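Subject: Structure handover

Dear colleague,

Here is the structure I said I would pass on. My notes follow it.

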Amino acid sequence: MAQQQQISLPAKLINGGVAGMVGVTCVFPIDLAKTRLQNQRSGQQLYKNMMDCLIKTVKSEGYFGMYRGAAVNLTLVTPEKAIKLAANDFFRHQFSKDGGKLTVLKEMMAGCCAGMCQVIVTTPMEMLKIQLQDAGRLAAQQKVVPSVVATLKMTGTNSAVLSRSYNTSPATQATRVSAIQITRELLRTKGLTGLYRGLGATLMRDIPFSIVYFPLFAHLHQFGQHSCNDLSVPFYWSFMSGCLAGCVAAVAVSPCDVVKTRLQSLKKGANEETYNGVVDCVRRILRKEGPTAFLKGASCRALVIAPLFGIAQVVYFVGVGEILLGYTPYNIYSA
């Protein structure tokens, strides 16, 4: 830990950015399936499971249809992951300044602070990504049920740009909307707050996630140390620790992720209602879909988060940023 604390902030930011981009590129199709599974309602299920969703997506939208919204993620995941990892490391250092060992409570507090910091970037990133990811599901829903005219509107807004991308019929082809168009429309109609819709739900998801993930990872990672005198850890142990901790934390906060996804979806399909805040969303989902609805996409989320954070921790502990800045990198493997 002492070695990590001496590493410069630029190196931490580079590590977080590289890890985020590599991880997102690998798991983005699964994340798209997660979003679409979470947004579909009972009785209107287009997809049976993750594989069914991906197969239908490729058939209807082509291979690159699985990467709708990836550009937004790749652009913003660098600051998002960099803030998350660097903030956690910073607060762990602050909480251990007295020279004492970090307690689990202090580790959880550091994770909590990191989760609060990252939502500055996470909320608008997720907001834009969800609109792009879910557009294919809405278009497919209208084709499957041509007799139903979907009510697709932004709450409290008549958006010409957004309507063009979703108001499709079996006889017409949808015009794809870009993240820039959505951003401009939200800023024009709702101001900066439009990009931070669902902020409360994002905090409700990311803070508990960080509270679970970072302490769990730290303790799992310690098990890989060779001895009390040799604190080095093989890179594969960092990867496995990141995967396991990420998987546990992702499943633990999956209900919060469902609520966040529903609240941030501006466009609704046929017979899909809007929600007035977190409490209203939870109440309606419980009443109309039952408790199991809160676990929709949980397996997909675990498959996304596990390798994403496994890769992140490998990059972080190998020290890609240190190498690029000319510092002494961590040993990839210590025999």
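Which residues are linked in a network of salt bridges? The model is a predicted one, and in it the network links D31, K34, E126, K129, R205, D206, D257 and K260. The search of the whole structure finds 19 salt bridges.

Salt bridges

D31 counts as buried because its relative accessibility is 8%, under the 20% cut-off. K34 is buried as well, with a relative accessible area of 2%.

D206 and R205 are both buried.

A further salt bridge joins E61 to R36, with 2.9 Å between the closest N and O atoms. Since E61 lies in helix 3 and R36 in helix 2, the pair ties together parts that are 25 residues apart in sequence. R36 has a relative accessibility of 0% and so counts as buried.

Surroundings of E61

E61 is part of helix 3, which covers residues 50–61. Its relative accessibility is 17%, so E61 also counts as buried. The side chain of E61 makes a polar contact of 3.3 Å with the side chain of R68. With neighbours within four places in sequence left aside, the residues in contact with E61 are R36, R68, G136 and R176.

Nonpolar cores

The largest nonpolar core has 37 residues, and those that touch the most other members are A33, M50, F209, Y213, C300, I305 and F309. Two or more residues of this core come from each of helix 2 (9–39), helix 3, helix 4 (70–95), helix 8 (199–222), helix 9 (235–252) and helix 12 (298–318). Helix 12 gives the most, with ten residues.

For Y213, the contacts beyond four places in sequence are G242, A245, G246, A249, F309 and Q313. There is also a second, separate core of eleven residues, among them M127, V177, A179 and I182.

Helix 11

Helix 11 runs over residues 278–289, twelve in number, and spans 16 Å from its first C-alpha to its last, close to the 16 Å expected at 1.5 Å a residue. Which residues of helix 11 are buried? They are D280, C281, R284, I285 and E289. These five cover an arc of only 125 degrees around the axis, and therefore lie on the same side of helix 11. Helix 10 (254–264) is included in what covers the buried residues of helix 11. V279 and R287, on the other side of helix 11, are exposed. Just after helix 11 comes G290, which takes a positive phi of about 85 degrees.

Regards

Terms used:
Residues numbered from 1 in each chain as written. Predicted model: local features only at pLDDT ≥ 70, side-chain atom pairs only at ≥ 80, totals over all residues. Heavy atoms only, no water. Helix = DSSP H or I, 4+ residues; strand = E, 2+ residues; numbered from the N terminus. Expected span 1.5 Å × (residues − 1). Buried < 20%, exposed > 50% of the residue type's maximum accessible area, 1.4 Å probe, protein only. Arc of directions from axis to C-beta. Contact = heavy atoms within 4.5 Å. Polar contact = N/O pair within 3.5 Å; in protein donor to acceptor, adjacent residues only side chain to side chain. Core = buried A, V, L, I, M, F, W, Y, C linked by side-chain atoms within 4.5 Å. Salt bridge = Lys/Arg side-chain N within 4 Å of Asp/Glu carboxyl O.
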